[in-house]
Amino acid sequence: AIDIDKLRSETGAITMDPGYKNSGSCKSEITFLDGEEGILRYRGYSIEDLAEKSNFLEVSYLLIFGELPKAAELEKFETDIRKYTLVNEEMKNIIDGFPKNAHPMGVLASLTSALTAFNPKSVNVANEKDMYEAVCKTMGKFLVIATWTYRKNMGFPLNYYDNTKGYVENFMRLMFELPTGPYKNNPVVINALDKLFILHADHEQNCSTSTVRMVGSSHAGLFASISAGVSALWGPLHGGANQAVLEMLEEIQANGGDADKYLAKAKDKEDPFRLMGFGHRVYKNFDPRAKIIKKAADEVLATLGVDDPILTIAKKLEESALQDEYFKSRNLYPNVDFYSGIIYRALGIPTEMFTVLFAIGRLPGWIAQWKEMRINKEPIGRPRQIYTGAPLRPFVNAENR
Ligand code: ACO
């Protein structure tokens, strides 16, 4: 094998790979992804099997600890997460400081970072007990504060976790229960959300996960690293695409519903517009998650009896793009975000919360990757560059500039 460090010190060579399109940053045992074949596996289990037969907490355990839990292990995991769902009351003062219309992802990143102030003990990764406690704490508190970003925007009182209900059920309750009466869970909705969280749970070295590993590589704490991941996820080229897809569909509808006009815009190189929810850095074939979600979307909409004109536009866009030479030649297929926004909308989730739901789903992946990076004692992430600025020049005093 080539010793890269030796080669670089001898030749000064630097590999240029903007966007890290072809650079591996680590070895990982967590997620296998084959973009050419459209294969995704967590810890060796196919995403299709997990989405159909497992549940979100079980998949979280699998990602973080490496094996599917036995029944008693899963029960203990759920109980231990519950122990940490109370969020420090002073966090509410921080929430009150945000303007009412603040974007929930900005608030979530700030609140996650603020958790470091209330949980200052750094995680001793070599100590399994310490690590386990940090995992349960993150899983518990993140879910609650994620829903608080919405409650704050709506001006509703903040809800607390209900220990008699499951993790995903609690998400809906925390979001939607009002003082006027209990929130009635719909099993169709809970099952669909559970599936969506599983599909988002990990995706190897994507932008937000690489960010979590990069920040953590300086030995910053778990909450600080996750907070950076939330910020990275927010952008419309990454997790923010699910919100952008819905906004795009709404815009098409508002402008007469002409999907083909927008397809032409996406192909026009003079126009910065891109078809949101299409294309993927790694998948050059159908995104396997999109296949599962598309089926789930059809089922949920049929069961809930949703008849949404936005869906007709989405179907038309999808059909036209899949037959279009521009999209075919560039291997641009619908990705997971094309359909997730459609289901979220059918479930009554407000558009601005879509990316927050992605973050809740991705949380176990971020934790698993952070943990692996620290346990493997990976070096600090520190890429190089090729300098293209001015050569040495003499300093000019202010009066002579
Ligand atoms: N609409 C129109 N053209 C596109 C699109 C799109 N959605 N995506 C890629 N292209 C074109 C590019 O213009 C480029 O064309 P060219 O070769 O003629 O210059 C070619 O396809 C390759 O695109 P790149 O930008 O080089 O691909 P990259 O791997 O860097 O980007 C990305 C991938 C960011 C996902 C891109 O496809 C995109 O912007 N998609 C829309 C946003 C989106 O849906 N993001 C969610 C990603 S999935 C996730 O985060 C869960």
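Angles under 35 degrees count as roughly parallel, over 145 as roughly antiparallel, 65 to 115 as roughly perpendicular, and the rest as oblique. This is a predicted model: local features need pLDDT of at least 70, side-chain atom pairs count only at pLDDT 80 or more, and totals for chains, interfaces and linings use all residues. Residues are numbered from 1 along each chain as its sequence is written.

**Exercise 1. Classify how helix 11 and helix 18 pack, and list the contact residues.**

Step 1. Helices are DSSP runs (H or I, at least four residues), numbered from the N terminus. Helix 11 covers residues 222–234 and helix 18 covers residues 354–375.

Step 2. Axes are lines fitted to C-alpha atoms over the stretch in contact, with angles from 0 to 180 degrees between N-to-C directions. The two axes come within 10 Å and cross at roughly 135°. Helix 11 and helix 18 are therefore oblique to each other.

Step 3. Contact means C-beta atoms, placed from the backbone, within 7 Å. On helix 11 the contact residues are Leu222, Ser225, Ile226, Gly229, Val230, Leu233 and Trp234. They meet Thr355, Phe358, Ala359, Arg362, Trp366 and Trp370 of helix 18.

Step 4. Sort them by class. Ala, Val, Leu, Ile, Met, Phe, Trp, Tyr, Cys and Pro count as nonpolar, Asp, Glu, Lys and Arg as charged, and the others, Gly among them, as polar. The contact of helix 11 with helix 18 has nine nonpolar, three polar and one charged residue.

**Exercise 2. Is Asn119 buried, exposed or partly exposed?**

Step 1. Apply the cut-offs: buried means 20 or more other C-beta atoms within 10 Å, exposed 12 or fewer, partly exposed in between. Asn119 has 19 C-beta neighbours inside 10 Å, so Asn119 counts as partly exposed.

Step 2. Beyond neighbours within four places in sequence, Asn119 contacts Lys137 and Phe223.

**Exercise 3. Why is helix 10 largely enclosed?**

Step 1. Eight of the ten residues of helix 10 (residues 207–216) are buried, so the rest of the structure largely encloses this helix. Among them are Thr211, Val212 and Arg213.

Step 2. The buried residues of helix 10 pack against helix 11 and helix 18.

Conventions. Helices (H or I, at least four residues) and strands (E, at least two) are DSSP runs, numbered from the N terminus. Two residues are in contact if their C-beta atoms, placed from the backbone, lie within 7 Å.
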